[in-house]
Amino acid sequence: MGDLIKLLLEDALFSAVPAVGFAMVFNVPTRMLAFCAIGGAFAHSLRTLCIYWGVPLEWATLVASTSVGLLGVYWSRRYLIPRPVFTVAAIIPMIPGSYAFTTMVGIISLYSNGFSEPLLATIIENGLRTMFILMALSFGLAIPSVVIYRGRPIV
């Protein structure tokens, strides 16, 4: 149990940093940077906890991004700031960079070294995993807003 808590605390710390960095790049108000850090730490730690419990990466990402979407809706109502200020920065640590990189390197290698079945399998596997994780992030951020603001008129 102690190892799990240590893992989650490390994960929270190391995922809060890119969330704040991304928020700073896009001029999020200074007083809201702490919320971006909390959101990023919460989301990535929740995803890590779900993976620890045996949930597949894609589904764990959906759970974490939906939770951050709900948290973002709450914070946006409470502080009267647009929801993406909190949510977009919070999901940045969950972007599947290594899978996308491996896919692109495989495509370049396929072009330069020629076709091989294991290489094609790697490209397809990592490409699909990247796509599903990005879809989980997108749907997870959209679901809370769609559910909460569903009956509200646009104008």
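I'll start with one side chain: that of Ser-45, which reaches the backbone nitrogen of Ala-12 at 3.4 Å. This is a predicted model, so please keep that in mind throughout. A polar atom of the Ser-45 side chain also lies 3.4 Å from the backbone oxygen of Leu-8. Setting aside neighbours within four places in sequence, Ser-45 is in contact with Leu-8, Asp-11 and Ala-12.

Where does Ser-45 sit? It is found in helix H2, residues 33-52. Is Ser-45 buried or exposed? Its relative accessible area is 12%, and the cut-off for buried is under 20%, so Ser-45 counts as buried.

Let me step back to the whole protein. There are 6 helices and 0 strands, and along the sequence the pattern reads α-α-α-α-α-α. The C-alpha atoms fill a box of roughly 55 × 45 × 30 Å, taken along the principal axes. Of the 155 residues, 41% are buried. If we take contacts between residues at least 6 apart in sequence, 71% of them join residues at least 24 apart. The protein exposes about 9,400 Å², and carbon and sulfur atoms supply 72% of that.

Now helix H1, residues 2-25. How far apart are its end C-alpha atoms? They are 35 Å apart; with 24 residues at 1.5 Å a residue, H1 should span 34 Å, so the two values agree. The buried residues of H1 are Leu-4, Leu-8, Asp-11, Ala-12, Ser-15, Ala-16, Ala-19 and Ala-23. What covers the buried residues of H1? The cover includes H2 and helix H4, residues 83-91. After H1 comes Asn-27, with a positive phi near 55 degrees.

Back to H2, this time for Ile-51, which also lies in that helix. Ile-51 has 37% relative accessibility, so it counts as partly exposed. Apart from neighbours within four places in sequence, Ile-51 is in contact with Leu-57 and Ala-60. Its C-alpha atom is separated by 9.2 Å from that of Thr-61, which is 10 residues away along the chain.

Next, the cysteines. Cys-36 has 0% relative accessibility and therefore counts as buried. Cys-50, at 8%, counts as buried too. A disulfide is a covalent bond between the sulfur atoms of two cysteines. How many disulfides does the structure hold? The number is 0.

Last, helix H5, residues 97-113. H5 has 17 residues and reaches 23 Å from its first C-alpha to its last, close to the 24 Å expected at 1.5 Å a residue. Which residues of H5 are buried? They are Thr-103, Gly-106 and Ser-109. Viewed down the axis of H5, these buried residues fall within an arc of 130 degrees, so they line one face of the helix.

The buried residues of H5 pack against helix H6, residues 117-148. On the other side of H5, the exposed residues are Phe-101, Ile-108, Tyr-111 and Ser-112. Just after H5, Gly-114 takes a positive phi of about 95 degrees.

That is the end of the talk.

How values were computed
Residues numbered from 1 in each chain as written. Predicted model: local features only at pLDDT ≥ 70, side-chain atom pairs only at ≥ 80, totals over all residues. Heavy atoms only, no water. Helix = DSSP H or I, 4+ residues; strand = E, 2+ residues; numbered from the N terminus. Expected span 1.5 Å × (residues − 1). Buried < 20%, exposed > 50% of the residue type's maximum accessible area, 1.4 Å probe, protein only. Arc of directions from axis to C-beta. Contact = heavy atoms within 4.5 Å. Polar contact = N/O pair within 3.5 Å; in protein donor to acceptor, adjacent residues only side chain to side chain. Disulfide = S-S within 2.5 Å. Areas by Shrake-Rupley, 256 points an atom, 1.4 Å probe, with all protein chains shown as cover.
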